[in-house]
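Trainee: Please show me the structure, and then I will ask about its parts.

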Amino acid sequence: MMGLPEEFEGIIYDTASVSTMHAIAAAREALDVGVREEGMSGRADLPLLRVYASEQAHSSVDKSVITLGLGQRSLRKIPTDDQFRMNTEALTSAIEEDRRAGLLPFCVVATVGTTSTSSIDPVPTIADICARERLWLHVDTAYAGSAAIVPELRYAIEGCERADSVVTNPHKWLFTPIDISVLYCRRMDTLRRAFSLVAEYLRTSEGEAGEVRNQMDTGVQLGRRFRSLKLWMVLRYFGHEGLAARIREHCRLARLFASFIEESPDWELMAPVPFALVCFRARPGVEGETTEARASRLDALNERLLSAVNATGEAFLSHTKLHDALTLRLAIGNIRTAESHIRRTWQLLNDEMERVK
Ligand SMILES: Cc1ncc(COP(=O)(O)O)c(C=O)c1O
């Protein structure tokens with residue numbers, strides 16, 4: 001449904017955090033520096049290994065390098081442009097600089113649909129860089145991968161067909177109850193090389209061995225839940241077109257809400273709206289204010305507004321910081337969210353602003 005090429009094999013895990021951790025482990029295995037046997041500590045022959053991700057990448061990338069014993073210093077955060085997308089020139093220079101310093105670059109994590117703003121890293125250019133530098137490309141589409149099932153939104157995952165691995169979470173925007181995350185990998189044998197370990201009591205009889213696809217070989221866990229069943233039910237019930245129609249509608253509602261923001265002088269959009277997430281803030285003016293006073297007044301106001309709206313119990317907003325400014329986030333992803341809810345939330349925001357400003 002996402003249009004990924006046939007060479008990708010899939011494996012279901014619980015969460016994107018775990019999918020990304022396995023992808024980075026496979027990337028490290030692809031280096032062929034004996035980490036599986038020798039580990040990494042106490043080795044004079046192994047330089048610092050380097051992973052790259054943008055400043056907007058999810059914290060699960062940091063947790064992956066912590067878990068894999070690479071250490072947080074192995075993760076180099078690449079700056080983003082004014083639309084929160086990875087700056088690919090900065091990526092190229094970072095790789096060059098690291099190679100000159102004797103480090104060992106091995107993996108880039110790009111994101112389609114970052115957590116704070118749903119920005120889209122330029123994956124085609126990043127794929128070129130990875131091909132040239134022989135680096136593993138993992139793309140985190142945990143949130144926005146689902147959008148690729150909508151034909152006119154497929155552009156968002158352009159370049160993912162050249163990635164080594166791609167993660168997407170049906171539990172985020174494909175209406176499947178938590179937890180279910182899918183890792184697509186075009187080099188599943190490398191992932192198997194990193195994790196396959198068949199103790200005697202796990203061995204399948206000769207006859208079955210060729211037929212059975214042992215999922216224990218592609219990760220840490222042995223026992224696992226039958227997560228695919230609930231996804232299968234969702235796909236059967238709604239069908240591809242039914243799911244696409246709902247995602248399309250969520251994007252329309254997000255654009256509608258964004259248009260209310262754009263038309264009002266008391267509010268401003270804080271990031272582009274490629275999917276169904278709107279980042280915005282209240283910004284009523286006060287005459288004769290310094291830039292600093294304005295920044296702290298607006299942060300405090302938006303914080304009060306967030307609490308006030310959430311306290312109504314009618315809508316639930318979240319927040320982030322963009323360019324150091326407290327930013328409100330309206331994320332539309334529930335199957336029952338309708339236009340009336342969006343209009344009501346806009347009303348609530350304006351009523352509460354009058355009260356708390
Ligand atoms: C882009 C992105 N990647 C990864 C994650 C982590 O997802 P999970 O909770 O499945 O580990 C999130 C969660 O918000 C996310 O937005």
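Some questions and answers on this structure follow.

Mentor: This is a predicted model, in which local features need pLDDT of at least 70 and side-chain atom pairs count only at pLDDT 80 or more, while totals for chains, interfaces and linings use all residues. Residues are numbered from 1 along each chain as its sequence is written, and side-chain values use heavy atoms, with hydrogens and water left out.

Trainee: Are helices H1 and H7 roughly parallel or roughly perpendicular to each other?

Mentor: Helices are DSSP runs (H or I) of at least four residues, and strands (E) of at least two, numbered from the N terminus. H1 covers residues 16-30 and H7 residues 188-195; they pack at an angle of about 90°, with axes 8 Å apart. Axes are lines fitted to C-alpha atoms, for helices over the stretch in contact, and angles run from 0 to 180 degrees between N-to-C directions. Angles under 35 degrees count as roughly parallel, over 145 as roughly antiparallel, 65 to 115 as roughly perpendicular and the rest as oblique, so H1 and H7 are roughly perpendicular.

Trainee: Which side chain has a polar atom 3.4 Å from an oxygen atom of the ligand?

Mentor: A polar contact is a pair of N or O atoms within 3.5 Å. For threonine 115, a polar side-chain atom lies 2.8 Å from a ligand oxygen, and for asparagine 169 a side-chain N or O atom is also 2.8 Å from a ligand oxygen. The side chain with the value of 3.4 Å belongs to histidine 171.

Trainee: What omega does the cis peptide bond have?

Mentor: Aspartate 179 is in the loop between helix H6 (170-173) and strand E7 (181-185). A cis peptide bond joins aspartate 179 to isoleucine 178, and its omega is about 10°.

Trainee: Which residue other than glycine has a positive phi near 65°?

Mentor: The residue lies in the loop between strand E3 (75-78) and helix H4 (88-100). With phi near 65°, the residue is phenylalanine 84.

Note on methods
A polar contact is a pair of N or O atoms within 3.5 Å; within protein, one must be able to donate a hydrogen and the other to accept it, and residues adjacent in sequence count only if both atoms are side-chain atoms.
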